[in-house]
Amino acid sequence: MPRSLTADDFAADAPHVARALIGATLLVDGVGGVIVETEAYDRGEPASHTHAGPTPRNRAMFGAPGHAYVYRSYGIHWCLNFVCREAGHGAGVLIRAIEPTQGLDLMRARRGLENARLLCAGPGRVGQALGITLQHYGLPLDQAPFALLAAGGGARAEVVAGPRIGISKAVDLPWRFGLAGSRYLSRRF
């Protein structure tokens with residue numbers, strides 16, 4: 001049985017955590033699947049929401065590791081991030097895509113489509129499929145409604161890395177991570 005992730009698993013730097021999350025299982029109220037794509041963000045680089053310091057919007061990112069940072073992208077989609085490093089630093093991991101494995105009927109109803117490959121292929125889709133809202137902002141990831149399980153035993157997943165998507169600053173950093181060969185990625189590497 002895979003172990004549950006705790007705040008200690010998020011105490012490392014964001015790229016390390018982003019890579020380690022590939023293959024982990026994320027559930028929100030029992031709905032979710034295997035994390036297949038992530039992106040790391042850190043206060044020291046200009047693409048991060050925390051680069052300019054704390055604001056009311058990003059305060060959760062400056063909190064304790066192992067909590068949710070939720071924000072609205074383009075005023076439309078809720079995006080889910082996991083806070084990393086020590087409190088006060090301002091780093092996190094964006095959940096870009098998951099392979100849906102549990103609660104597919106509810107995900108399909110929330111997304112209004114049948115194709116399982118597209119249910120959670122992109123951070124906005126992940127948010128919609130999992131029912132993420134501002135109510136999840138700042139919540140601990142090791143308590144309900146979240147359940148996070150470490151990648152299962154056996155061979156370690158092959159992880160690929162490349163530049164992040166949809167940003168205009170610090171685009172050269174290879175801080176996007178994905179499960180090699182997954183058909184559930186938001187975009188190929």
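Predicted model: local features only at pLDDT ≥ 70, side-chain atom pairs only at ≥ 80, totals over all residues.
Reader: Nice! Where is the place of Arg96?

Author: Arg96 belongs to strand β5, which covers residues 91-102.

Reader: And is Arg96 buried or exposed?

Author: Arg96 has a relative accessible area of 8%. That is under 20%, so Arg96 counts as buried.

Reader: Switching topic, what about Leu130: buried or exposed?

Author: Leu130 is buried, with a relative accessible area of 2%. You'll find Leu130 in helix α4, residues 123-130.

Reader: Who does Leu130 touch, again skipping residues up to four places away?

Author: Leu130 touches Leu26, Val28, Val31, Gly32, Ile98 and Arg110.

Reader: And how many Å separate the C-alpha atoms of Leu130 and Phe10?

Author: Those C-alpha atoms are 21 Å apart, and the two residues are separated by 120 residues along the chain.

Reader: Last topic: how many bridges join strand β1 to β6?

Author: Four, and the two strands run antiparallel, with β1 spanning residues 25-28. One of the pairs is Thr25 with Leu149 in β6.

Reader: Which residues sit on the covered face of β6, and which on the uncovered one?

Author: In β6, residues 146-149, Phe146 and Leu148 make up the covered face, while Ala147 and Leu149 are on the uncovered face.

Note on methods. Residues numbered from 1 in each chain as written. Heavy atoms only, no water. Buried < 20%, exposed > 50% of the residue type's maximum accessible area, 1.4 Å probe, protein only. Contact = heavy atoms within 4.5 Å. Pairing = 2+ DSSP bridges.
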